[in-house]
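This explanation is written for a reader who meets the structure for the first time. The sequence and the model are shown below.

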Protein chains: 4
Amino acid sequence: MKLTILINCPDQSGIIRSVTTFIHQQKGNVVYLDQHVDKQAGVFFMRLKSEFEQELDLYKFKEDFAKELATKFHMEWDAYTDVYRPKMAIFVSKYNHCLYDLLSRYNSGELSVDIPFILSNHKDLEYVAEQFGIPYFYIPVTKENKSEAEDKQLELLEQYGVDFIVLARYMQIVSPKVIDVFPQKIINIHHSFLPAFAGAKPYHAAFKRGVKIIGATSHYVTENLDAGPIIEQDVTTVSHTHSVKDFIAKGRDLERIVLSRAVQLHVARKTMVYNNKTVIFS
Amino acid sequence: MKLTILINCPDQSGIIRSVTTFIHQQKGNVVYLDQHVDKQAGVFFMRLKSEFEQELDLYKFKEDFAKELATKFHMEWDAYTDVYRPKMAIFVSKYNHCLYDLLSRYNSGELSVDIPFILSNHKDLEYVAEQFGIPYFYIPVTKENKSEAEDKQLELLEQYGVDFIVLARYMQIVSPKVIDVFPQKIINIHHSFLPAFAGAKPYHAAFKRGVKIIGATSHYVTENLDAGPIIEQDVTTVSHTHSVKDFIAKGRDLERIVLSRAVQLHVARKTMVYNNKTVIFS
Amino acid sequence: MKLTILINCPDQSGIIRSVTTFIHQQKGNVVYLDQHVDKQAGVFFMRLKSEFEQELDLYKFKEDFAKELATKFHMEWDAYTDVYRPKMAIFVSKYNHCLYDLLSRYNSGELSVDIPFILSNHKDLEYVAEQFGIPYFYIPVTKENKSEAEDKQLELLEQYGVDFIVLARYMQIVSPKVIDVFPQKIINIHHSFLPAFAGAKPYHAAFKRGVKIIGATSHYVTENLDAGPIIEQDVTTVSHTHSVKDFIAKGRDLERIVLSRAVQLHVARKTMVYNNKTVIFS
Amino acid sequence: MKLTILINCPDQSGIIRSVTTFIHQQKGNVVYLDQHVDKQAGVFFMRLKSEFEQELDLYKFKEDFAKELATKFHMEWDAYTDVYRPKMAIFVSKYNHCLYDLLSRYNSGELSVDIPFILSNHKDLEYVAEQFGIPYFYIPVTKENKSEAEDKQLELLEQYGVDFIVLARYMQIVSPKVIDVFPQKIINIHHSFLPAFAGAKPYHAAFKRGVKIIGATSHYVTENLDAGPIIEQDVTTVSHTHSVKDFIAKGRDLERIVLSRAVQLHVARKTMVYNNKTVIFS
């Protein structure tokens, strides 16, 4: 059995030694350890993977860890076994490229999640959900019914025990009502190299500015639009020969890749958030 | 003898045919032709290279070209022989990496220009100029003497017949007084992926935002700070393990490369400006 | 109506002028022209797009073009209208990532082709074909029946009027029997940065060598294994932290992108082959 | 005072715990720890940085470390303080771009080394050495005098206490006589994406093959030509429009960057070699 522990706490001497000694006492073997210190903020981050030959009583382990280490070092922390497959809901609007990408990875076994449902404010992509045999919920969102629509979303999310949400070009602003229930658990793909071209129509803005490189950014959703902690970014070159339509077509490939990388990092418990930034372990 | 012609004009039928026929009548042979149409703006751009076996009377050629083609098609255009080496002034402040890069390329013969002088508002880099045997002018700039200092700059630029200026991390805002004399002839390197992080301290801002990619941008200087037509951009990945100091170090390599590429494109007459954007011919 | 003309011929003076004049006489308007001269080989390449307001008699146009230009300049050439959607067959084996990628692009309208069928030597991916409602032919290939199997393939290819074949990780060597019928019309994806790691198990070989970058290469299939004209390549970084399994996972994203780009270039008539190399127009 | 420790040993339980406990006992504080396990080879690698408030008796520290840990875990290891600046000799031939790049970084303080001398089999670059005030030794190498010439090289290397050698486009094969004295301490830059195009004239070979991406590779020199452990690689795109000369020009930028990155990694003690591959710590 494998256990992944994520820790952040005020930096001080002895954390690594104490944690590795604790794992050893629990008859575990550390197989991976990566740590990072944000010197400005004075914060220590660690991701540690250990193997246990005997069956581990996770509840007891966590209780002991809390008592012996977490309190002492003022840790924010969590521990995950590799047995549980997180439940990922996908929110979409009308574009199918990110949805197809995620579902084909899911179908290939690339993506170790369960997908309880796909949710949309449009009916357009129901056929894709059907192709892959996944429930599709159509909840239209208008200015008037937004709050009510989000209530329905939250109901579904709770009912299906969803762990995190992927906005695969959802094209709607998610309100604090939902964000607060899924803090650092909503992953968005924005079709620009943030912080450049935040907001609507980034490809049009990039074309107008005459940039030579366009990008895509995946980030955790926060209350500030397109301003949450960045998980992953990538770029591709463009030139004067490319129209806005070409930007959009090239961008689709970026969006697919950048979103799926971010989802993979999240699922692998390789991301930590601090000060609106991410630590991404390797 | 080789001749490079750059043209832009309202798009209409028959331009390529007319120009290639004209070159043929002048006993030239077209060895390269690249064209682009900005459909939104309705503008046609062309770069054409031709070889002439006999000696060409450039003055007569230009006169005929103007009479027979330029007026008819309402062209903005120019023609350059490959004999003339443009005169490039370099403005620097205290950082030496871009300066060293340009001078070593110049010394290797990579860069087909003459460098009449290096100019700075500080004495710090005089030793580099001396290493390469190039005149160095120290013109301090303060809030009070800025206008006067720019007069001195313009005097030197005129005296040495400078064709274009490279701001190799000059760290001073160039005023319209100088820009107007060198329109689309001042090349700046900005140490961010514009339009993200325009203005001062872009590496600090990028660090604060937690981006995963940083960049550098070379552009023609206009009156609006860091908003001129972009010639070249490039990026490199960063992570949470990098400090601001690391961003700056990684950025130096980007700045060197991006600036030198932009200078090469300008020298090779591969850049045209329209609507605050560039057409970069291959 | 739009017409794309691809030409290659021995380089000489007057080709551009003659062709653009011919288009003009046919009442066409040149909207794009890109040309390239391979100086070593003395060969001229051109891609030209023109618009015709009136309906064009393509047969007559081609006849005139052949008579007036092609013979005179010893051209290899062809002309394509934008009306016809080429028919693309996909050959697969057991991996589904490239297949999913192509089909989702096809479904989104990104890929302007018809897909008459998917063909495989295994039954594994029949379910994907069914998801997208495309015929799937299972033709097992063994050492013993290879020639016979290829006969069946050729029959299907002819019956469905297939224009070109995409080997989306087909994992079988295609013999000259098929290649000769589809010269420069079979596109393969090889999972390495060719010419490094040609042949079987390139990710394993790359891992063993300890490279820091892996790649994928799309090329036209010729009789020499993995040695045909390269259409497109891309790379991604790896490190000592990546296992062979990680190489394979990262490689899948490269394979998807590189293959789809190559297919797009082929469909857009932007590729020409000469001396076992490609000219790729922009 | 800071101490960097590099360790590799057969993988087993308890190494991290034992080492961090040892550092603690020596009144040090671990400020960075990165580890890697090569599962196939069963080897554990670690890089650890620690700070000591009091002055550290390095000799005593090493003696204790050897006695208490190194023997027990069968470690290959070394410890480096941040006080010592390693002595780097540069070998060149006729190309100046890598040399200029290294010297300008050295001059800017980017590169924390001393450069006791530059050595060449040609006189061509003596002027660059003079520009930077560094001794230049001219030792011509021919087939006949090679062994003798290498004796002279070894004499100089010993006399100046050189720690490692950078072959900045040296264009000569270094024989085992020299390699054996500087194992994993000679850094070469090869102008291709190894293992593609090993040996002479890689840009010509790349051009002939029609690749769409070219690269450069920095590696430790071993007896097998261009086959040593790879430290760093990078690539850039090319197209049919580029001649061999263009490949060479684009390649120069790659060579500069890739070599300097490799040198930086070596100087920062971030490289370890195992099974002809490198572990590169972040």
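The paragraphs that follow treat a single chain, then the contacts between chains.

The structure is a predicted model. The domains touch each other: 11 residues of domain 1 of chain A are in contact with 8 residues of domain 2 of chain A. Between them the two domains bury about 850 Å², and carbon and sulfur atoms account for 71% of that area. On the side of domain 1 of chain A, the residues that lose the most area to domain 2 are Leu6(A), Phe45(A) and Arg47(A), which together make up 49% of what that side buries.

The polar links across this boundary can also be counted. Between domain 1 and domain 2 of chain A there are 0 salt bridges, and 2 residue pairs are in polar contact, both residues of each pair being at pLDDT 80 or more. Two strands of chain A, β1 (2-10) and β3 (43-52), each supply at least two residues of the side of domain 1 that touches domain 2. By class, that side of domain 1 of chain A has 7 nonpolar, 3 polar and 1 charged residues.

The next subject is the relation of chain A to chain B. Two copies of a chain are related by a rotation about an axis and a shift along it. Chain B is superposed on chain A by a rotation of 180° with 0.0 Å of shift along the axis, at an RMSD of 0.0 Å. These two copies are thus related as by a two-fold rotation axis. Within chain B, the C-alpha nearest the axis belongs to Ala196(B), at 2.3 Å from it.

What does the contact between these two chains consist of? It takes 31 residues from chain B and 31 residues from chain A. Of the interface residues of chain B, 100% are also interface residues in chain A, so the copies meet through the same surface. The area buried between chain B and chain A is about 2600 Å², with 61% of it on carbon and sulfur atoms. In chain B, the residues that lose the most area to chain A are Arg209(B), Lys212(B) and His240(B), and together they give 27% of what that side buries.

Between chain B and chain A there are 17 residue pairs in polar contact, with both residues at pLDDT 80 or more, while the count of salt bridges is 0. The elements of chain B that give two or more residues to the side touching chain A are α7 (202-209), β11 (230-237) and β13 (277-280). Of these, β11(B) gives the most, with 6 residues. The residues on that side of chain B divide into 15 nonpolar, 9 polar and 7 charged.

Chain A also meets chain C. A rotation of 180° with 0.0 Å of shift along its axis superposes chain C on chain A, again with the RMSD at 0.0 Å. In chain C, the residue that comes closest to this rotation axis is Gln131(C), with its C-alpha at 2.6 Å. Here 15 residues of chain C are in contact with 15 residues of chain A. Of the interface residues of chain C, 100% are also interface residues in chain A, so these copies too meet through the same surface.

Chain C and chain A bury about 1500 Å² between them, and carbon and sulfur atoms give 40% of that area. Gln131(C), together with Tyr100(C) and Glu110(C), supplies 29% of the area that chain C buries against chain A, more than any other three residues. Across this interface there are 6 salt bridges. In one salt bridge, the side chains of Arg105(A) and Asp253(C) meet at 2.7 Å, N to O. The interface of chain C and chain A also holds 11 residue pairs in polar contact, both residues at pLDDT 80 or more. Three helices of chain C, α3 (97-108), α4 (126-131) and α8 (244-267), each supply at least two residues of the side that touches chain A. That side of chain C is made up of 4 nonpolar, 6 polar and 5 charged residues.

How values were computed:
Residues numbered from 1 in each chain as written. Chains lettered and ligands numbered in written order. Predicted model: local features only at pLDDT ≥ 70, side-chain atom pairs only at ≥ 80, totals over all residues. Heavy atoms only, no water. Contact = heavy atoms within 4.5 Å. Buried area = accessible area lost by both parts, 1.4 Å probe. Salt bridge = Lys/Arg side-chain N within 4 Å of Asp/Glu carboxyl O. Polar contact = N/O pair within 3.5 Å; in protein donor to acceptor, adjacent residues only side chain to side chain. Helix = DSSP H or I, 4+ residues; strand = E, 2+ residues; numbered from the N terminus. Nonpolar A, V, L, I, M, F, W, Y, C, P; charged D, E, K, R; others polar. Least-squares fit on C-alpha atoms with pLDDT ≥ 70 in both.
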